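Here are a few exercises on reading a helical model. Have a look at the picture, try each task yourself, and then follow the solution step by step.

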Amino acid sequence: MKKEEDDLIVYDEDKAVKFILEYVSSETKNKIGEDEVNYVLDVVYEYYEDNGLLEEEAVEEASVDEEEMFQYVLKAAKKDKINVSEDDIQLILDGEFEFGRSLGIYEDEE
């Protein structure tokens, strides 16, 4: 049982935010901060939840439609009047993907 617990990947949102802010360009950092990154990460989590990708019974490997997720985040940001551009949303999503890859959560599809 202990070995199984060690195999679980821990997603630390604070580390994700720090990673993403280091990932984006300094120009982007001048426009967005921790609040915007946290907002996008929260909406991504909602997207995963709404699409059944967080359930324990979910298939071990799932494919995420990146365009669909982008549109989901964009729609939420407009609805909530979050001041973040489409380009910035995409950069945050790219940074989140790279963070996930660094943890072994995501892999490139062949």
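**Exercise 1.** Find the angle at which α5 and α6 pack, and the distance between their axes.

*Solution.* Step 1: α5 and α6 pack at an angle of about 130 degrees, and their axes are 10 Å apart. Axes are lines fitted to C-alpha atoms, for helices over the stretch in contact, and angles run from 0 to 180 degrees between N-to-C directions.
Step 1: This angle makes α5 oblique to α6. Angles under 35 degrees count as roughly parallel, over 145 as roughly antiparallel, 65 to 115 as roughly perpendicular and the rest as oblique.
Step 2: On the α5 side, M69, F70, V73, L74, A77 and K78 meet E86, I89, Q90 and L93 of α6; contact means heavy atoms within 4.5 Å.

A note on the model: it is predicted, so local features need pLDDT of at least 70 and side-chain atom pairs count only at pLDDT 80 or more, while totals for chains, interfaces and linings use all residues. Residues are numbered from 1 along each chain as its sequence is written, and side-chain values use heavy atoms, with hydrogens and water left out.

**Exercise 2.** Describe how helix α4 packs against helix α5.

*Solution.* Step 1: Locate α4 at residues 34–50 and α5 at residues 66–79. Helices are DSSP runs (H or I, at least four residues), numbered from the N terminus.
Step 1: The two pack at about 125 degrees, with axes 10 Å apart. That makes α4 oblique to α5.
Step 2: α4 passes α5 in a right-handed crossing.
Step 3: Among the residues of α4 that meet α5 are Y39, V40 and Y47.

**Exercise 3.** Is V64 buried, partly exposed or exposed?

*Solution.* Step 1: V64 sits in the loop between α4 and α5.
Step 1: Its relative accessible area is 23%, so V64 is partly exposed (buried is under 20%, exposed over 50%, partly exposed in between, with a 1.4 Å probe and protein chains only).
Step 2: Leaving aside neighbours within four places in sequence, V64 touches Y47, Y48, L53 and M69.

**Exercise 4.** Which residues is E96 in contact with, leaving aside its neighbours within four places in sequence?

*Solution.* Step 1: Go to helix α6, residues 86–103, where E96 is found.
Step 1: The contacts of E96 are Y11, I20, L41, Y48 and Y106, once those neighbours are left aside.

Note on methods: A crossing is left-handed if the near helix is turned anticlockwise from the far one by less than a right angle, and right-handed if clockwise.
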